[in-house]
Structures are given as structure tokens and as C-alpha cells.
Amino acid sequence: MSTPHDEARPVARVDAAAPPAATEYVRRPDPDLSAYADQYLDEVSSIPEQRATVGCVIPAYNEAETIAGVLDSLLMQTRLPDVIHVIINNTTDDSVEVASHYAGPHERETASGLQRTIIYVHDIGKNPDKKVGALNYGYALVEHMDFLLGVDGDTTPEPDAVEHLVEEITSDDRIGGISAIYSIDDSALDGPMAKFLIAGQRAQFSAFNMQNLLKGRNMAVLGGQFSIFSTRALRGVLKDSHQRTPWVNDSEVEDSLLSLQIKSTGYLTKISARARAHVGGMTTLRGLDAQQVKWNFGAIDLMWPGQRGDTRGQPLHPNLRLRWFEHLSMVVNIVTRLGFLLLLLGSLTIDAFVFQLWWALPPVAAIALNAKVAHSMAFANRRDYLFAVLLAPAEVYMWIRMGHFVRAWLKFFSHQQTDNWAAQAKAERGKGTAYLYPYVALLLFLVLCGVWWSQLSVSFRSDVLSVGWPVLGVVTLLQTAWMFVKIMKPHRGFKA
């Protein structure tokens with residue numbers, strides 16, 4: 001009878017060159033055990049794989065028109081979240097009724113097998129902390145899981161988005177959070193103003209995404225639209241920051257602050273290389289103004305040195321270096337555009353305007369750079385390319401952004417105690433006139449400059465122009481050179 005010890009038997013080998021006592025051990029298969037090989041392999045393959053658990057949290061405020069599309073897109077994922085919590089707060093529409101149709105267990109057959117998830121709908125009623133309160137409510141429900149997937153109530157991911165996010169964040173324990181690549185769906189838009197504004201926002205998002213992709217995929221802001229967080233990293237934030245909840249209500253940009261805290265805790269914040277999601281865009285000047293002012297104001301609050309309320313400014317934080325560069329770039333854009341407008345009008349008043357051929361160089365560079373941004377989009381269409389090559393739409397959109405930028409800085413330095421969340425909600429309802437302030441201020445500024453200019457002598461005007469044009473020319477040349485540097489920079493296969 002064979003025994004397990006029979007698997008390795010000493011076998012004598014005759015070798016004239018070897019010592020007489022030399023032996024070699026040869027492993028021989030046991031015929032009695034080989035019959036169990038297939039059974040062993042079948043049992044190993046039947047062992048269920050351990051996979052990371054993902055809890056999805058969807059804060060929803062008046063999302064009756066979009067929440068169904070969000071839930072449908074999540075249920076069509078190649079990797080379903082293990083649980084989905086819809087946290088409805090402060091709603092005045094039918095969000096609860098629409099979302100309730102999805103409540104309960106769901107299953108889907110995928111390439112990796114049958115997957116299941118459960119959707120829970122929570123109506124938490126009046127919530128003074130708004131989206132922050134809803135996110136923290138959801139965190140309490142999924143903090144025992146490996147990852148928290150935050151999804152806005154108007155964001156629809158591509159079918160493989162969750163799968164890519166989970167693969168990327170589980171591949172490296174140093175990663176505390178990953179944001180999807182965001183774009184805006186422009187397939188159902190009415191009116192030229194909505195199409196123009198969405199085209200501008202798509203270009204803005206694309207340029208921002210590509211900047212982060214080319215910087216080692218390091219992401220300064222894990223946008224709440226569609227990002228996955230390690231709950232271990234969130235617990236680290238609670239410990240290091242002495243907070244009860246990951247998101248705090250004393251910041252205009254809760255996503256930016258949490259991203260800074262995750263980075264400060266020692267984790268990485270990344271942008272995904274493949275996961276994509278389509279977010280809701282602003283289709284009115286009023287709504288876009290409120291959103292952009294809130295974002296800029298919150299960024300300034302984090303960037304500015306010193307203590308403001310409970311949020312300490314961190315001007316040297318690694319995540320804020322790109323923000324400083326963006327704001328300095330906007331200052332240069334304001335100086336060159338406003339300077340050119342004033343010098344042009346001033347020259348026309350004394351018939352001193354002479355066109356120089358090299359002035360065509362900056363617009364050509366701008367068109368080339370805009371076209372490159374459009375080409376970098378994963379879902380670029382004809383409208384994106386027209387926005388880029390016609391130049392005028394991109395230039396008008398830049399002036400609009402300059403107004404948002406100036407208004408945010410003025411609001412910051414005026415120490416106004418305003419609820420920018422409430423202001424954005426009001427603007428999205430079609431109320432408020434604050435979005436007109438930049439245009440009124442620009443018109444008033446031009447009128448005052450015109451009155452002052454008319455009081456000057458012709459010789460003094462000529463002196464001002466003789467100094468102003470060369471200074472503007474130098475700044476514009478440097479700006480144009482920087483545009484050409486960005487044009488020549490390869491995208492290394494990334495698509496924004």
C-alpha cells in the first residue's frame with residue numbers, strides 16, 4: 001500500500017565521476033492521488049473571491065428630473081456598488097417619489113457573474129447642513145465598508161466607471177481617493193445660450209482634467225460629482241483633524257477641503273485614467289455665475305493665509321499650487337484683455353491706431369490651443385470644435401469667467417457673510433441679479449475711463465499710448481509663448 005511518503009523515493013544513480021554515496025531524489029506522481037486532481041481544482045475554483053465592499057452615497061436636493069437617470073446608470077454598471085443610499089434633503093419636488101420606485105434589491109448578470117445591490121431611499125427632511133449633512137449621513141451608513149462612492153444627484157457615469165475606480169483604488173493602499181474624469185452631456189440642450197455655456201464648460205473641464213492627468217494624475221480636488229474614497233483614509237481625517245464627520249459645513253468647497261485633509265493625512269488624491277462621468281452643467285448666466293463664484297470663493301478661502309472662521313488658510317499646501325497658478329493666469333488674462341481694450345479705444349480717439357501683423361499671433365495660438373483642448377475630449381463633437389476654432393465664443397466665455405473671478409475676490413475681501421450654497425440654489429431657480437454686476441461694473445469702468453481720458457491733452461494721451469502698447473506687447477508675447485509651450489506638450493495618450 002502506498003503512503004504519502006512514497007511521493008519522494010531515493011533512487012540510486014550510477015555515476016563514475018560522483019562519490020559512491022551520491023543519490024538523487026526524484027518526485028514521482030502517486031497514481032492514487034492523481035485521480036483527485038480535477039476534484040481539487042474544481043473545489044478551489046468554487047471558493048468565492050473576496051472583493052472590496054463599496055457603499056454608494058447620493059445626496060439629492062430637488063433632483064426629481066435627474067435621479068432616475070443616475071440610478072439607472074448605476075444599475076447598469078459592470079461592477080455594481082454593494083449598496084446604494086439615496087439621501088434626499090430639503091427637497092420641494094418629487095425626488096422621494098421618483099427614487100422610491102428603485103428602492104429594494106437589484107441584481108444584474110455581468111461578465112464576471114451575477115451581481116447584487118440594494119437601494120435605500122432616505123428622506124431626512126430639513127437639513128441645515130444641506131449637501132454636507134447628507135454626505136455625512138451617508139458616511140455613517142457605509143463607514144464599515146472599504147470604500148465610499150460619492151455621486152451627485154445629476155451625474156451619470158459610463159457603464160465601466162465604478163469598475164475602473166475600484167480597480168485603481170485597490171491597486172495602491174496609498175491612495176485615499178480617486179475622482180472620475182468629468183464631462184458634461186450636451187445632447188439635449190435648448191437654445192443658443194445653453195449650448196454656448198455648456199460648450200464653454202466642457203472646454204473648461206477638459207483643460208482642467210488634462211492638467212491633472214499630466215501631473216502624475218495627482219488631483220487637487222476630489223469632486224463630489226463622482227469620486228471614490230477609502231473609508232480608512234476618511235477615518236484618518238477624522239482623527240487628525242479632530243472632526244466627527246469627514247465633511248464640514250464651514251467651507252464653501254467641502255470637496256476641496258476634504259481633499260486637502262486626505263492629502264495631509266498622508267494619502268494620495270488622484271484622477272482616474274479611465275473612469276468617466278457626465279455631470280450636470282449650468283445652462284444660464286445666472287446659474288453659472290453663482291456656481292463659479294462659489295467655487296472661486298471657496299478656493300480663495302483655502303488659499304489665503306491666516307485663520308478665517310474655523311477654516312485655516314493653507315497657501316503652501318501641495319494641492320493648492322495648481323490653484324495659485326490658475327488664479328495668477330486669470331490675472332494675466334484680465335490685464336492683457338482689459339489693457340488691449342483700453343489702449344485700442346484710446347488710440348482710436350486720436351487716430352493713432354496702426355495694425356501690426358504680429359498681433360495676429362496671439363489669436364492664432366489661442367485657436368490652436370483651444371482646438372487641442374477640444375481634440376483631447378473623449379466625447380468631442382462638432383460644437384466643441386466650432387467653439388474652439390471660431391475664437392469669438394471662447395473669448396466671450398473667458399470674459400464671463402473673468403467676471404466670476406473678480407466678483408469672488410471682491411466678495412472675499414469685503415468679508416460678506418453670505419450663504420453661497422443658498423445663492424446658487426436661488427440662481428438655479430432663476431432668481432437673483434448678482435450675475436449682472438460684472439457687466440455693469442465693466443460698463444461703468446469704461447465710461448469713467450472715457451471721461452478721464454477726454455480731459456487729457458493729446459500729447460499726454462500719446463505719451464500714455466507710447467508706453468502702454470510696448471508693455472502690453474511684452475506681456476502678450478510671454479503669454480503667447482506659454483500657449484505655444486502648452487500646444488507642444490504631448491497628452492501621452494490621455495483623453496479628457
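Which residues does Leu 71 touch, not counting residues up to four places away in sequence? In this predicted model, the partners of Leu 71 are Ile 58, Ile 84, Val 86, Ala 99, Tyr 102 and Ile 119. Leu 71 belongs to the largest nonpolar core, which has 38 residues. Together with Ile 58, Ile 84, Val 86, Leu 149, Phe 226 and Ile 228, Leu 71 is one of the members that touch the most other members of that core. Another core lies apart from it, with 28 residues, including Leu 148, Met 219, Val 237 and Phe 494.

Tyr 61 sits in the loop that runs between strand S3 (54-60) and helix H3 (67-75). With a relative accessibility of 35%, Tyr 61 counts as partly exposed. Along the sequence, Tyr 61 is 27 residues away from Ile 88, yet in space their C-alpha atoms are 6.0 Å apart.

Now turn to helix H7, residues 192-214, and its packing partners. With helix H10 (residues 285-303), H7 packs at an angle of about 25°, and the two axes are 11 Å apart. H7 and H10 are therefore roughly parallel to each other. On the H7 side, the contact is made by Met 193, Leu 197, Gln 201, Gln 204 and Phe 205, while H10 brings Leu 285, Leu 288, Gln 291, Gln 292 and Trp 295. Sorted by class, this contact of H7 with H10 holds 6 nonpolar and 4 polar residues, and no charged ones.

Helix H13 (residues 382-389) also packs with H7, this time at an angle of about 85° and with the axes 10 Å apart. That angle makes H7 roughly perpendicular to H13. Here Lys 195, Phe 196, Ala 199, Gly 200, Arg 202 and Ala 203 of H7 meet Arg 383, Asp 384 and Phe 387 of H13. The contact of H7 with H13 has 4 charged residues, alongside 4 nonpolar and 1 polar.

Helix H8 comes next, covering residues 231-241, and its buried residues include Thr 231, Ala 233, Leu 234, Gly 236, Val 237 and Leu 238. Just after H8, His 242 adopts a positive phi of about 60°.

In H5 we find Ala 140, which counts as partly exposed because its relative accessibility is 48%. Ala 140 and Pro 246 are 106 residues apart along the chain, and their C-alpha atoms are separated by 10.0 Å. In H9, residues 254-264, we find Ser 259. Is Ser 259 buried or exposed? Ser 259 is buried, since its relative accessible area is 0%. Setting aside neighbours within four places in sequence, Ser 259 is in contact with Ala 220, Val 221, Leu 222, Thr 269 and Asn 319.

Our walk ends at helix H17, which has 31 residues (458-488). At 1.5 Å a residue, H17 should span 45 Å, and this agrees with the 44 Å between its end C-alpha atoms. Among the buried residues of H17 are Arg 461, Leu 465, Trp 469, Leu 472, Thr 476, Met 483 and Ile 487.

Key. Residues are numbered from 1 along each chain as its sequence is written. This is a predicted model: local features need pLDDT of at least 70, side-chain atom pairs count only at pLDDT 80 or more; totals for chains, interfaces and linings use all residues. Side-chain values use heavy atoms; hydrogens and water are left out. Axes are lines fitted to C-alpha atoms, for helices over the stretch in contact, and angles run from 0 to 180 degrees between N-to-C directions. Helices (H or I, at least four residues) and strands (E, at least two) are DSSP runs, numbered from the N terminus. Angles under 35 degrees count as roughly parallel, over 145 as roughly antiparallel, 65 to 115 as roughly perpendicular and the rest as oblique. Contact means heavy atoms within 4.5 Å. Ala, Val, Leu, Ile, Met, Phe, Trp, Tyr, Cys and Pro count as nonpolar, Asp, Glu, Lys and Arg as charged, and the others, Gly among them, as polar. A nonpolar core is a set of buried Ala, Val, Leu, Ile, Met, Phe, Trp, Tyr and Cys residues joined through side-chain atoms within 4.5 Å. Buried means under 20% relative accessible area, exposed over 50%, partly exposed in between (1.4 Å probe, protein chains only). The expected span of a helix is 1.5 Å times one less than its number of residues.
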